[in-house]
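Please examine the model shown below before reading this briefing.

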Amino acid sequence: MWVRALVCALAALATAVSVPVLAQEKSIVVASTTSTEDSGLFGHILPLFKAKSGIDVRVVAQGTGQALDTGRRGDADVVFVHARPAEEKFLAEGQGVKRFPVMYNDFILVGPKSDPAGVKGTKDILAALKAIKDQQAEFISRGDRSGTHQAELKLWQLASIDIAAAKGPWYKDIGQGMGAALNAASATGAYVLSDRGTWLSFKNKGDLVIAVEGDKRLFNQYGVMLVNPEKHPIVKKELGQQFIDWLISPEGQKAIADYKINGEQLFYPNANDPSA
Amino acid sequence: MRDDVASIGVMRDRPSDLPIRFEAVDYRAASFAILSGVTFDIGPGAPTLLLGPNGSGKTTLLKLGMELLTPSGGRLTFAGRQASAGSGTAIVLQKPAMMRRSVAANISFALAAARRPAYPNVVAHLLDQVGLAGFEHRPARRLSGGEQQRLALARALARDPEVLFLDEPTASLDPAGTKGVEDIIVRIAHAGVKIVMATHDLGQARRLGGDVVFLVAGRVIEQAPAPDFFASPSTDEARRFLAGDLVI
Amino acid sequence: MEAAGAFDLLWLADANLFAIVRLSLGITLAATFFAALLGMPLGAFAALVRFRGREALIVVLNAFMGLPPVVVGLCVFLLLSRSGPLGQLGLLFTPTAMVVAQTVLISPIVAALARQVIEDLWAEYCDEFNAMRVGPVARVAALLWDARFSLVTILLAGFGRAAAEVGAVIIVGGNIEGFTRVMTTTIALETSKGNLTLAVSLGVVLIALIMTINALAWSIRRWSEKHAG
């Protein structure tokens, strides 16, 4: 009885291990955001990259802040995030080699159909946030140092609201990714700032609708950086650079633009934009 | 002459452990004196019965003889030697524990521990001696009390002992079970194994005969051949015990 | 939810799901195997050998049965991170790291329960072992063999615990699609994507797996009671 169990365990172990060992040959780890993962973008573009280069891209989806920290620890070869100030800081620390803009989309404010703060349809995100705070309408914050969270905090600041002081029981800081935040908003009828990509691919919208969109300040830029091999010699710099080169190449940019849900494009490639 | 009650064609080449001599043996546990100044001999021949009320130290005496305990004082010798030959003694404890295996596996285990080959015919023969023929594949723990006692006997016999210590082997059995075990003991004794048996059952002592060593509260009160002991005890305590008094 | 959508059968038939289940089973089986290798001897040692600090070891083992998976995940993560002490092995975000984390998680369970089982059996057998003059190696072998059904049940308990946890594997594995994504982390991910019906279907598969394990454990006990007493 022991012998049989032993053999089974070893066989299972061999199976589980053999696949990654074979793939170990050409692979990189990309620390990215939950918005790129949850929206399904990587599911669309990575197979194309693999087919072209034979490189297995392993995406660890975390918030921007956490992803950059993963890069700082050398646990990732490439970081692909969306918070310009945090990215600049990463470069300034010498943790990254060079930042390339890749694509953009926008943030939207989603909220319950019943619209308790009366902001649906407005084009001014700052006014909307002010109204939410004044009405003490339920609001979900990512709270996880992600690009979206940092954007949210920036918007409160632009609206001249000291959110740390002004927050009350209506402001729910959940410390989790975009999908979890949308789930929470859907389940409790709250407002939440989301990126359009995750929103479009989210399957549990419930009675959430887009409340505010189109404000220029809701612009959301994504950038990619190679983790500095001088700081972390273990980083796979050639393979990582290949991935970055592909992302900003016409082929990669087209792959990004081709990703649609129900005919709607989620991310807009802008690697050629010098100001991005 | 011993015939091969338990030894199948295997000539045991070991020195005798008899007589086992207790000389002023004390045994203390946690400052409580369980045995004091015990002096007697266990010689070859008819069974030696350790007789006495509960708590008189009979089990401790058996364990000392089996070298499971060491005396706190006094001397214990085996044919004049400090220690026994090792493989010549066996014991059946009170409430013997059955291993979670079949009857045959219990016996094979005992044979292996005694460094004897566990051939199926050896196992079968041992089972036959204790009236458990055909019980090989029964789970040992499912046997009745009497059957378990007999299996424990078979395990002890697997050691092909010269001396067999038995601790109240029929204490928890009904009359039929008791008779079964007693018959086996008599047979073993006739085959030449020296039996040293503890009992508090007067009737059993009378039936099995031999030498009686009468103990009370850790001391040997009287020692005599059984007929003499039962016919005319020389001490007061023995008289009271034979009369059926509860407190000696 | 609609009855039709409640079981996303199309997805369930997907080769993807098969790969995820296979990876889950592979990792948890491997972890159970290594936990047995580590935990059984440790448990037997704690049961049979009297040494200073034995009581303390037993308390620690019992306490660690309830180790929070996230805490284990975090500790293994810090160990295996490229900036950590074992970083050179490059094991972070791989199935191997997940096996390590789950092994750490369930070894105390195996050791603590094995200790209990072996110690209890030892108490039963001790006098007879002395009477039969059984050598130390034979004693350990006899105890392990006679306790085998209980020991197998213990391994199944460890397996169940590892199969059900998500906290450790998600931290050290990174939930990478096609590489370190297992059943529990997939449920977590699909939930966060709002695919609740799919998450529920996966949950049902996972529960069915754990139920099967427990039914197996139960039948082993019943069989052993019938046949070996």
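In this predicted model, 33 residues of chain A are in contact with 33 residues of chain C, where contact means heavy atoms within 4.5 Å. Two pairs of chains touch, and the pair with the most contacts is A and C. Chain A and chain B, by contrast, do not touch, and their nearest C-alpha atoms are 16 Å apart.

Residues are numbered from 1 along each chain as its sequence is written, and chains are lettered from A and ligands numbered from 1 in the order in which they are written. Local features need pLDDT of at least 70, side-chain atom pairs count only at pLDDT 80 or more, and totals for chains, interfaces and linings use all residues, while side-chain values use heavy atoms, with hydrogens and water left out.

**The interface of chains A and C**

- Chain A and chain C bury about 2800 Å² between them, and 67% of this area is on carbon and sulfur atoms; buried area is the accessible area (1.4 Å probe) that two parts lose on being put together, summed over both.
- Two salt bridges are found across this interface, a salt bridge being a side-chain nitrogen of Lys or Arg within 4 Å of a carboxyl oxygen of Asp or Glu.
- Asp77(A) forms a salt bridge with Arg82(C), and their closest N and O atoms are 3.3 Å apart.
- Eight residue pairs, both at pLDDT 80 or more, are in polar contact between chain A and chain C; a polar contact is a pair of N or O atoms within 3.5 Å, where within protein one must be able to donate a hydrogen and the other to accept it, and residues adjacent in sequence count only if both atoms are side-chain atoms.
- On the side of chain A that touches chain C, at least two residues each come from helix 1 (2-23), helix 2 (34-38), strand 2 (56-62) and helix 9 (178-188) of chain A; helices (H or I, at least four residues) and strands (E, at least two) are DSSP runs, numbered from the N terminus.
- Helix 1 of chain A gives the most to that side, with 10 residues.
- By class, the side of chain A that touches chain C has 19 nonpolar, seven polar and seven charged residues; Ala, Val, Leu, Ile, Met, Phe, Trp, Tyr, Cys and Pro count as nonpolar, Asp, Glu, Lys and Arg as charged, and the others, Gly among them, as polar.

**Cavities**

- The structure holds three cavities of 30 Å³ or more; on a 1 Å grid over the protein atoms alone, a cavity is a set of points where a 1.4 Å probe fits but cannot get out, and lining residues have an atom within 4 Å of a point.
- The largest cavity has about 100 Å³ of space, and of its 15 lining residues, Ser24(C), Thr28(C), Ala162(C), Ala163(C) and Val182(C) lie nearest its centre.
- Helix 3 of chain C supplies the largest share of this lining, four residues.
- The lining of the largest cavity divides into 10 nonpolar, four polar and one charged residue.
- The second largest cavity has about 80 Å³ of space, and its lining includes Arg155(B) and Glu128(C).

**Backbone features**

- Leu18(B) and Pro19(B) are joined by a cis peptide bond, with omega about 0°.
- Pro19(B) lies in the segment before strand 1 (20-29) of chain B.
- Gln136(A), although not a glycine, has a positive phi of about 55°.

Definitions and conventions:
1 Å grid on protein atoms, 1.4 Å probe; cavity = no way out; pocket = protein on both sides within 12 Å on 5 of 7 lines; lining within 4 Å. Points joined across faces, edges and corners; volume = space filled by probe spheres on them.
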